[in-house]
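Visitor: I have a model open and some questions about it. Can we go through a few parts?

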Amino acid sequence: MAIIEALLAATQGVKDLTVGYGQCGNLIQDVAAIRALKKQTNEYLAKYGFGDAKVTTVFHQWMGGFPQDEAKAFGVISWGSAAAALAKATKVIVKTPHEAMGVPTMEANAAGLRATKQVISMLRDQDFTNIPAVVAEAEIIEAEVNQILDKVFELGNGDLAQGVIAAFESGVLDIPFAPSKYNAGKVMPARDNNGAVRIMDSGNLPLSQDILNFHREKLEERAKSENRTVSFQMVIDDVYAISKGFLVGRKQ
């Protein structure tokens, strides 16, 4: 969606574009996602005649459930800060230790900023964007993006805006857990054995069988290690995991 939004903005004359990504929690996957996002946004802009646009990235720290304990919450914030720094994101959207409690105070916001700045400053000279595991994960992400966007343009007969409308109507674009009534809500993610987010139910996403098999195999690996089947219970367990102090919602 970030690439689509960038392209639509560029058609309206916007020259300075920021594309965003929300932290998922697996370091390799998060770094790979930022790498792929910047690379593919630039590629698509150039392809459609907007190569002079400036692209920056913004990394959103964890947007799911937070631990109520402030010390644990700072752990989540710091992990997001590390991922943003190692991915070389341009900007970071910072969370606070009060995320689980309601509207944060001014002091809580400042504390989140200080914790984030400390971690980013410590990691400023380290770069994970070109390590083999990140490159491999980025290649998977790029293939998925290309397959989906190819279908969106096809549905719109080359008109991206019309393609987006048709894609949401058909479920070709489908955002997990999105509250919009225009979203099909059929796509369901779950974490693999390393905490990376994989596709459990692909809905109507136009992905190749090779990619779908890859996701299924990753989820089956986790299921086998936990002695259970791949099911919606995994999704539920994962949703609550970070607030309970874990990344993967393991079977208890």
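Guide: Keep in mind that this is a predicted model.

Visitor: How many residues does H3 have, and how far does it reach?

Guide: Helix H3 covers residues 70-87, which is 18 residues. From first C-alpha to last it reaches 26 Å, close to the 26 Å expected at 1.5 Å a residue.

Visitor: What caps the N-terminal end of H3?

Guide: Asp69 does. One of its side-chain oxygens lies 3.0 Å from the backbone nitrogen of Ala71.

Visitor: And what do the buried residues of H3 pack against?

Guide: They pack against H2, S2, strand S3 (91-93) and helix H4 (106-122). Among the buried residues of H3 are Val76, Ile77 and Leu86.

Visitor: You mentioned S2. Which strand pairs with S2, and in what sense?

Guide: Strand S1 pairs with S2 (residues 54-60) in the parallel sense, over seven bridges. Within that pairing, Val19 stands opposite Thr57 in S2. The chain gets from S1 to S2 through helix H2 (residues 27-47), and this β-α-β crossover is right-handed.

Visitor: Which residues of S1 are on the covered face?

Guide: Leu17, Val19 and Tyr21. The uncovered face has Asp16, Thr18, Gly20 and Gly22. In a regular strand, side chains alternate between the two faces of the sheet.

Visitor: New topic. How many salt bridges are there in the whole structure?

Guide: A search finds twelve. One of them joins Glu142 and Lys39, with the closest N and O atoms 3.2 Å apart. Glu142 sits in helix H5 (residues 132-155) and Lys39 in helix H2, so this pair ties together parts that are 103 residues apart in sequence.

Visitor: Is Glu142 buried or exposed? And what about Lys39?

Guide: Glu142 counts as buried because its relative accessibility is 12%, and the cut-off for buried is under 20%. Lys39 is partly exposed, at 34%.

Visitor: Which residue forms a salt bridge with Arg222?

Guide: Glu226 does, with the closest N and O atoms 2.8 Å apart.

Visitor: Which network do they belong to?

Guide: Salt bridges that share partners join Arg222, Glu226, Arg228, Asp237, Asp238 and Arg250 into one network.

Visitor: What does Asp192 pair with?

Guide: Asp192 forms a salt bridge with Arg198, the closest N and O atoms being 2.9 Å apart. Both of these residues are buried.

Notes:
Residues are numbered from 1 along each chain as its sequence is written. This is a predicted model: local features need pLDDT of at least 70, side-chain atom pairs count only at pLDDT 80 or more; totals for chains, interfaces and linings use all residues. Side-chain values use heavy atoms; hydrogens and water are left out. Buried means under 20% relative accessible area, exposed over 50%, partly exposed in between (1.4 Å probe, protein chains only). Helices (H or I, at least four residues) and strands (E, at least two) are DSSP runs, numbered from the N terminus. Two strands pair if DSSP finds at least two bridges between them. A crossover is right-handed if, with the strands pointing away from the viewer, the path from the first strand over the helix to the second runs clockwise. A salt bridge is a side-chain nitrogen of Lys or Arg within 4 Å of a carboxyl oxygen of Asp or Glu. The expected span of a helix is 1.5 Å times one less than its number of residues. Contact means heavy atoms within 4.5 Å. A polar contact is a pair of N or O atoms within 3.5 Å; within protein, one must be able to donate a hydrogen and the other to accept it, and residues adjacent in sequence count only if both atoms are side-chain atoms.
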